[in-house]
Every structure is written in structure tokens, then in C-alpha cells.
Amino acid sequence: MKNYNNIPEIRDYIATLQYKSENTVRVYLTAIQKFCEFLKIGTFEDVKNVTVRDATRYQLALQGKMKATSVNTNVRPLNAMYNWFVNQEYLDKNPFSRVKAVDEPEHVQAFLSYDEMHKLIDVGKSVEEKLIFLMLLTMGLRRSELTAIKM
């Protein structure tokens with residue numbers, strides 16, 4: 001299996017991701033790896049030879065395997081990488097610039113009613129649990145954000 005780590009220009013791009021979250025970097029690295037495997041990219045010359053047709057073919061292949069949101073999550077990092085290559089003058093054009101995002105189904109945000117919120121808070125066995133539920137509800141915190149709070 002060819003590995004993008006052997007391509008200095010991709011390594012240079014990945015170095016620019018250092019200020020992004022760990023999760024974002026992991027998503028980008030996975031997207032780049034899958035793309036390189038799909039097109040059997042092993043050198044920067046291979047990266048340069050990617051066409052709009054290749055980019056579209058890759059997007060269509062992903063559509064056959066995953067939901068629209070995941071397809072866009074896998075294509076977006078490639079578009080960003082190719083934009084970086086153009087900005088750094090490694091390439092003249094971005095083959096992903098003409099690949100449109102897949103239409104995602106509209107997600108209707110669900111909200112709890114006041115009655116449901118009170119029931120959730122009442123489930124707490126201790127004052128601390130009730131306060132945790134109250135903080136989650138009033139501040140809109142995610143579970144990971146709540147657990148990351150330092151006392």
C-alpha cells in the first residue's frame with residue numbers, strides 16, 4: 001500500500017494542521033489516506049495528475065458507501081489540501097474546486113420542552129447530578145465539553 005507520508009508536499013500540508021483539533025486532524029489524515037489509496041497515489045507527480053474527473057469519480061465512489069454528510073466530510077479536506085497546494089504554488093489548479101458538495105438531508109433540530117427538561121433534572125439522585133443536568137441544558141454543553149471542565 002502506498003503511503004502519503006512518503007510525499008513531502010503532503011507532509012508539509014499536514015504540518016499546517018497543527019492548530020486544528022485532534023479530531024479534525026484525524027479526519028483530514030483519514031480522508032487523505034483513503035483518497036491516496038483509491039487513486040494509488042505514491043508520488044507528488046500522482047497528486048499533480050489528479051483531474052476533476054478523478055475527484056468526481058472518488059466522490060461518487062464514496063456516495064456508494066456512505067451517507068452524504070460523510071461523503072462531504074471526506075471530500076472537504078481534499079479540497080482544502082489542493083487549495084493549499086495552489087496557494088503555495090505547487091499546483092496551478094485544484095481538481096476539487098469544481099466538485100460540488102453532496103446535498104445533505106435537512107436536519108430538523110429537536111428541542112426538549114420545559115416539562116421534559118424538568119423531568120430530566122428530577123431524575124438526578126443528588127444535588128450534584130441535578131446541577132450537571134441543569135448545566136448541560138442551560139449552557140447547551142456537549143458531554144465531552146462537560147467532562148473537560150476543570151474545577
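Student: Why is Lys-119 called exposed?

Tutor: Its relative accessibility is 52%. Exposed means over 50% relative accessible area, buried under 20%, and partly exposed in between, with a 1.4 Å probe and protein chains only. Lys-119, at 52%, therefore counts as exposed. This is a predicted model, in which local features need pLDDT of at least 70 and side-chain atom pairs count only at pLDDT 80 or more, while totals for chains, interfaces and linings use all residues. Residues are numbered from 1 along each chain as its sequence is written, and side-chain values use heavy atoms, with hydrogens and water left out.

Student: What makes Lys-119 and Asp-115 a salt bridge?

Tutor: A salt bridge is a side-chain nitrogen of Lys or Arg within 4 Å of a carboxyl oxygen of Asp or Glu. For Lys-119 and Asp-115 the N to O distance is 3.5 Å, so the pair meets the rule. Asp-115 has a relative accessible area of 48%, so this residue is partly exposed.

Student: Where do Lys-119 and Asp-115 lie, and how many residues apart?

Tutor: Both are in helix H6 (residues 114–123), four residues apart, which means a separation of about one helical turn. Helices here are DSSP runs of H or I with at least four residues, and strands are runs of E with at least two, numbered from the N terminus.

Student: How many salt bridges are there by this rule?

Tutor: The count is three. One of them joins the side chains of Arg-57 and Asp-54 at 3.4 Å, N to O. Both residues belong to helix H4 and are three residues apart, about one turn of the helix. Another joins Glu-145 and Arg-142 at 3.0 Å, N to O.

Student: What about Glu-145 and Arg-142: buried, partly exposed or exposed?

Tutor: Glu-145, at 33% relative accessibility, counts as partly exposed. Arg-142 has a relative accessible area of 57% and is therefore exposed.

Student: What makes a group of residues a nonpolar core?

Tutor: The members are buried Ala, Val, Leu, Ile, Met, Phe, Trp, Tyr and Cys residues joined through side-chain atoms within 4.5 Å. The largest such core here has 31 residues, and Ile-32 and Phe-35 are among those with the most contacts inside it. Helices H1, H2, H3, H4 and H5 each supply at least two residues of this core. H5 gives the most, with eight residues.
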